[in-house]
Amino acid sequence: MGLPTVTARARMHILTGLTTNPAAPEHVLIRLAKAPWAARHLAWRRESIPEELGAVLAASDDEEVAHALASMPSLPLSLRTRFAADPDPEIRAAVAGRLTGGELLERLAADPDATVRTAVAGNAGTPDRLRTRLATDPAATVRTALAKAWRTPPAAVHRALLTDDDPTVRAAACSDDHPVPPADLHAALLDDPRTRRYVAPRAALTPELAERLARDPDQEVRAELARNPGLPGAALDLLVADHDFGVRYTLLVSPRISHDLRSRLHEEVVTGAEEGDDEWDIAATLLPLAWTGRDLAWVRTAPLEERLGLLGSAMPFLRYAVAAQARELPGPVVARLLADPDPQVQRLTARSAGSVPPEELERVVVDHGDLRKTAPGIMARPDFPTDAFVRFATSGNDRLRAAAAARPGLPAGLLRMLAADPATRVRAGAAGNPGLPLDCLAALLTDEDPDIAEEAGTSAVLPVAWMEELLTAEGLS
C-alpha cells in the first residue's frame, strides 16, 4: 500500500508529528532536521537525541536549537562537552543545570559568568563539596539559587545563608522546606520583612509576639502564622476575624481548629462567594485542590479513627483528602467512599484504594470519568478490567470511545470503527494506537483535522518508506 495523496498543509502537520515519532530511524530524522522549524521541534520535543543527529542539530548555528539541546537530560557526552565551552553563557548554564557531577560541572562551578554558576548552584545533582563553595559566591543570585536548592545544608552553611547580607538569600534559606532556623536567629528573621512570613509558622510564640504577627500588615505573614502549632487562642481569634482569603484558606485546612469553627468558616466562604472574588477563589479553586499538596498532609497521617470521622463531613475537600490516601483503608470504608455523592471522592478512591472490585472501577469511569489531569489515572490501574475497553468502544460517550481507541490490544475490527468515528478525540486516540491497521492510518493522514494528521505522524505504524516520501515531497533530501 502506498502513501495516500496529502496536501502541503497536511504534510506539514504529519512531519510535525514525525519529529516526536519514537519509531522514526535516525537517517529520517537527520533529513527532517534540515528544515529549521523541524530542527527546533526535534531539539525541544524529543526525549533523547542520538549522537549523529545531535551533531547535525548542533551544527545548525540556531541558538534556540543549541539551548534546547544543552538543556536535554540525556544529551551525549561529546555534545555536553561542546556546549560547556560555548561562548554563550546561557548555553553553558543550560548544560550546567543538567549535569550530575563530574569534571564538566566542576569547571562550570568556577565559570566567570554568574549565570552559569547560578545554574550549578540550583542543580540538584551538584555535589555538596561544590555547593559549600558556592554558598560564599560573590554573586547574590548564585547564593540565592543555592539556598533554594539545597534543602538540607550543613548547620554552618545554613546559618551563613540565614544571616547573609542579601535579603533574597535569607528568604530562600528559611522557607519551610528547609530545616527550622536556629532559635537564636528567630528574632532577627521576624524583624526582617523579607523573612518574617517564613518564620511565623515555625517560631515559638509568646502571646505578645503572636498578637503582633496576627496584626501584621502583610497578609502572607498572617496566613503563615495560622499554620503555627503553638498559636495562642487570642491570636487565633484575631485571625478568625480576618477576611483575607489567604488567612481564611489556611485556617480552613489547618488541623488545629475545631470542627465547629471549620464548619462555620466554610459556611461563610461558600455562602459569601461570588464568581471572581476571593471567597469564590477559595471555594472553587483552592479547597478542591488542597488534597494535592502539603496543606492536608495531616489527614494522610491522622489516626484511622480521625480519618473515618471526616467521612461524614459536609466539607468535600476533607473527604477528598481521605479518598486520595485510601490505599490502607478497610474494605467497608472504601465501599462507603465509592458511594459518596461527590464524584471526585469516588474518582479519588477508585484511583488510590488498594483493592476495588473491577466492576466498581468501570462504573466510576463510566459515570464520572477518569482523573485525566493526574497521573496515573483509574484506567492505568493494573487491575482495571481490560474487557471494559471493548464495551467503551461502542459507548454513546465519546470520552469513553476515545479511551478505547487509544488502548493497545483492542480488537482490530473495533479499532477500524473508531478510526472513522465522527468525534475528533476518538479518531485522535486511534491515530496513535500501535495496533492500528495501515489502511486506517492512511485515512487519518488525510483527516481534515490537522491535529489528527499530526497525531498520525507520531504513529509507530507509519512505514519508513512513507516517511521518506513525505520528506522528499517537502524538499528535504
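In the predicted model, Arg 151 and Asp 177 are joined by a salt bridge in which the closest N and O atoms are 3.3 Å apart. Because Arg 151 sits in the loop between α11 (140-149) and α12 (155-162), and Asp 177 in the loop between α13 (167-173) and α14 (186-191), this pair ties together parts that are 26 residues apart in sequence. Arg 151 is partly exposed, at 42% relative accessibility, and Asp 177 is likewise partly exposed, with a relative accessible area of 35%.

The count of salt bridges comes to 35. Among them, the side chains of Arg 92 and Asp 111 meet at 2.8 Å, N to O; since Arg 92 belongs to helix α7 (residues 89-96) and Asp 111 to the loop between α8 (103-109) and α9 (114-121), the pair ties together parts that are 19 residues apart in sequence. Both Arg 92 and Asp 111 are buried. The salt bridge between Asp 128 and Arg 131, at 3.6 Å from N to O, lies within helix α10 (residues 128-134), where the two residues are three residues apart, about one turn of the helix. Asp 128 is partly exposed, with a relative accessible area of 45%, whereas Arg 131 is buried, at 8%.

A network of salt bridges links Asp 176, Glu 224, Arg 227, Arg 294 and Asp 295. Glu 224, found in helix α17 (residues 219-225), counts as buried because its relative accessibility is 13%, under the 20% limit. Leaving out residues up to four places away in sequence, Glu 224 touches Arg 197, Pro 201 and Arg 294.

The largest nonpolar core holds 159 residues, of which Leu 69 and Phe 83 touch the most other members; helix α24 (residues 316-323) gives the most to this core, with six residues.

Conventions. Residues numbered from 1 in each chain as written. Predicted model: local features only at pLDDT ≥ 70, side-chain atom pairs only at ≥ 80, totals over all residues. Heavy atoms only, no water. Core = buried A, V, L, I, M, F, W, Y, C linked by side-chain atoms within 4.5 Å. Buried < 20%, exposed > 50% of the residue type's maximum accessible area, 1.4 Å probe, protein only. Helix = DSSP H or I, 4+ residues; strand = E, 2+ residues; numbered from the N terminus. Contact = heavy atoms within 4.5 Å. Salt bridge = Lys/Arg side-chain N within 4 Å of Asp/Glu carboxyl O.
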